[in-house]
Amino acid sequence: TNNKVRPNGSGNEATYALSFSAACTNVVRWGNDLRGATWITGELDDTTTTPQSRWSLPQSTKTTTTTVSATTTETVVSTLSIPAGNAAAGSAYRLVAMGTADNPSDASPGTLTIRARLGGVAGTTLATTVIQTPTTTAQTNKGWTATADLVCASVGGTGTWLGGLGVSSEIAAAFPSSTFNAPASAITVSSIVSQDFVITVQWSENTAGYALRADSGYGIRIT
């Protein structure tokens, strides 16, 4: 990434400004400045089996609704799959989910917890929001959105990651409610195997009437 290459030779210019052999794997290239008109053959020679430009980095779009109701099971509502070896130190990813929620009339309301995890629903917790407590009166179609940011600090089998999770909602009794949570220290998760970066939700009660819908969202690598 971010290589600046110029020919500026006197008869001994390189064949290519940037070249990868077919033996290279997990190559991701972006931000390279390869300007020049006197390369012997051209600017780029990439013969890897699955080359990735910046614009083919992992991304996801959510357009179907996931409903979590009458259950206390922690449930994934948005996912960005990060391929093995995709992250470099400084790589950043963003995952977003949004939708609406209902709660019944309840003198002692159940609560809603939203989390960001790396490694799927059973993976390592990156951040957990302040618990959302609905009003004691019934509500329907109250909006919410969750945005999780993930930054790779170091790579390898014991890769380290930082980030945070922000939630804005009309679910809580004192709404609109906005919360943000970040880990006190980096979490350790391998970057050399694929990982699912996820947002999950979990109700504390399985009473009928408690329902959250994740209607849309997206995930993308941003650096």
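Is Ile 220 buried, partly exposed or exposed? I looked this up in a model that is predicted. Ile 220 has a relative accessible area of 31%. I noted Ile 220 as partly exposed because 31% falls between the 20% limit for buried and the 50% limit for exposed.

I then placed Ile 220 in the fold and found it in strand 16. Together with Tyr 218 and Ile 222, Ile 220 makes a nonpolar surface patch of about 230 Å².

The largest nonpolar core has 33 residues. I listed those with the most contacts inside this core: Val 77, Ile 114, Trp 144, Trp 161 and Phe 197. Several strands each supply at least two residues of the core, among them strand 7 (75-82), strand 8 (92-103), strand 12 (160-169) and strand 16 (211-221). Strand 11 gives the largest share, five residues.

Thr 129 sits in the loop between strand 10 and strand 11. Setting aside neighbours within four places in sequence, I found Thr 129 in contact with Ile 114, Leu 165, Val 167, Thr 179 and Asn 181.

The last entry is Thr 160, which I located in strand 12. The side chain of Thr 160 makes a polar contact with the side chain of Ser 154, at 2.5 Å. With neighbours within four places in sequence left out, the residues in contact with Thr 160 include Val 151, Cys 152, Ala 153 and Ser 154. I also noted Ala 186, Ile 187 and Thr 188 in contact with Thr 160.

Notes
Residues numbered from 1 in each chain as written. Predicted model: local features only at pLDDT ≥ 70, side-chain atom pairs only at ≥ 80, totals over all residues. Heavy atoms only, no water. Core = buried A, V, L, I, M, F, W, Y, C linked by side-chain atoms within 4.5 Å. Buried < 20%, exposed > 50% of the residue type's maximum accessible area, 1.4 Å probe, protein only. Helix = DSSP H or I, 4+ residues; strand = E, 2+ residues; numbered from the N terminus. Patch = residues over 30% accessible without salt bridge, like charges linked within 9 Å, V, L, I, M, F, W, Y side chains within 5 Å. Areas by Shrake-Rupley, 256 points an atom, 1.4 Å probe, with all protein chains shown as cover. Salt bridge = Lys/Arg side-chain N within 4 Å of Asp/Glu carboxyl O. Polar contact = N/O pair within 3.5 Å; in protein donor to acceptor, adjacent residues only side chain to side chain. Contact = heavy atoms within 4.5 Å.
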